[in-house]
Amino acid sequence: MSVIYTRVALIGLGLIAGSMAHAMRRAGLAGEIVGSARSPETRAIAAEIGLCDRITETAAEAVKGADLVVLCVPPGAMGAVAAEIAPHLAQGATVTDVGSVKRDVITQVGPHLPQGVHFVPGHPLAGTEHSGPRAGFAELFDNRYVLLTPEPDTDPAATAKLRALWEGCGARVEEMDADHHDLVLAVTSHTPHLIAYTMVGVADDLRRVTDSEVIKYSAAGFRDFTRIAASDPTMWRDVFLTNKEATLEILGRFTEELFALQRAIRRGDGDHLHAYFTRTRAIRRGIIEAGQDTDAPDFGRVKVKREPTER
């Protein structure tokens, strides 16, 4: 593919930003990649592994002359970063983000951006439990969905150009209303993460089961809960605070379902349990058929160490 953006600024250099850098370089989508992170240690690691063409100390410096700026910071930090970079954005530039909450990000970021700068919020539905600049790899977005949530007055050409970048990174791109996005993600990501955190917390609190037993006898279900619960705590704190209404709605529905299953177990209602598990099993098959996971042992998650892509 050919270059889509002359200069891309990545603000925040964790898993998603690192994977974007590798994926853009793999496909030749960016003329120059500039990165910045708040932590000196993160900047040093990014420089050491050659993650970007240039690393800057401040976000304001990184965005100068960039025609694409990607905010890869926790949802709660979006507004402050937008305020910092706003005076330094080039006319005609596009600003996007990778946060898993969209309405709150639009509310935080939009008012800071000057006229002539396009804002196209985005969310790649991809990730691992790992974080930091070493965690990124070019294949992260291959065949994964990226949801773009432009507002009605967003320049269609800016959205189309960002779509082309994500497709060049291997992703499948769809557009969606921001509020609907937040409800969908409350079902598919946010509430499951909260349940995983809760289950691991229950195991920690249940002193009749020792720590060594929890670790030694972890079957697949609990083990996968711990994988999810190992995700970045700062990001997930911000997700639940910024997508509060949708998450609480889905949690209420989850509680109702849980009570129904609790009643079936108490009454010995095997027919109800079997019918319920049959219906939910079909959803799992649909995910596999859509190419969003695999039915291989351990879900195909082979424990291998990924090295950063060569420059």
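Mentor: Two residues are in contact when heavy atoms of theirs lie within 4.5 Å. Leaving aside neighbours within four places in sequence, Thr56 is in contact with Val34, Gly35, Ser36, Ala37, Arg43, Glu61 and Ala62. This is a predicted model, in which local features need pLDDT of at least 70 and side-chain atom pairs pLDDT 80 or more, while totals for chains, interfaces and linings use all residues. Residues are numbered from 1 along each chain as its sequence is written, and side-chain values use heavy atoms, with hydrogens and water left out.

Trainee: Why is Thr56 called buried?

Mentor: Thr56 has 3% relative accessibility, and buried means under 20% relative accessible area (exposed is over 50%, partly exposed in between; 1.4 Å probe, protein chains only). Thr56 therefore counts as buried. Its place is in strand β3, residues 54–56; strands (E, at least two residues) and helices (H or I, at least four) are DSSP runs, numbered from the N terminus.

Trainee: What lies 2.9 Å from a polar atom of the side chain of Thr56?

Mentor: The backbone oxygen of Thr58 lies at that distance from the Thr56 side chain.

Trainee: How do you know whether His181 is buried or exposed?

Mentor: The relative accessible area of His181 is 0%, so His181 is buried. His181 is found in helix α7, residues 178–205. Beyond residues up to four places away in sequence, His181 touches Ser100, Val101, Lys102, His123, Leu147, Thr149 and Met176.

Trainee: How do the end C-alpha atoms of helix α6 compare with the span it should have?

Mentor: The expected span is 1.5 Å times one less than the number of residues. For the 13 residues of α6 (residues 156–168) this gives 18 Å, and the end C-alpha atoms are 18 Å apart, so the two agree. In α6, the residues Ala158, Thr159, Leu162, Leu165, Trp166 and Gly168 are buried. After α6 comes Gly170, with a positive phi near 100°.

Trainee: Which residues cover the two faces of strand β5?

Mentor: In β5 (residues 94–97), Thr94 and Thr96 lie on one side and Val95 and Asp97 on the other, and all are buried.

Trainee: What makes strand β4 and β5 a pair?

Mentor: Two strands pair if DSSP finds at least two bridges between them. Strand β4 (residues 68–71) and β5 have four bridges, in the parallel sense, so they meet the definition of a pair. Leu68 stands opposite Thr94 in β5. On its other pairing, β5 joins strand β6 (residues 118–119) over two bridges, in the parallel sense, and Val95 stands opposite Phe119 in β6.

Methods: Polar contact = N/O pair within 3.5 Å; in protein donor to acceptor, adjacent residues only side chain to side chain.
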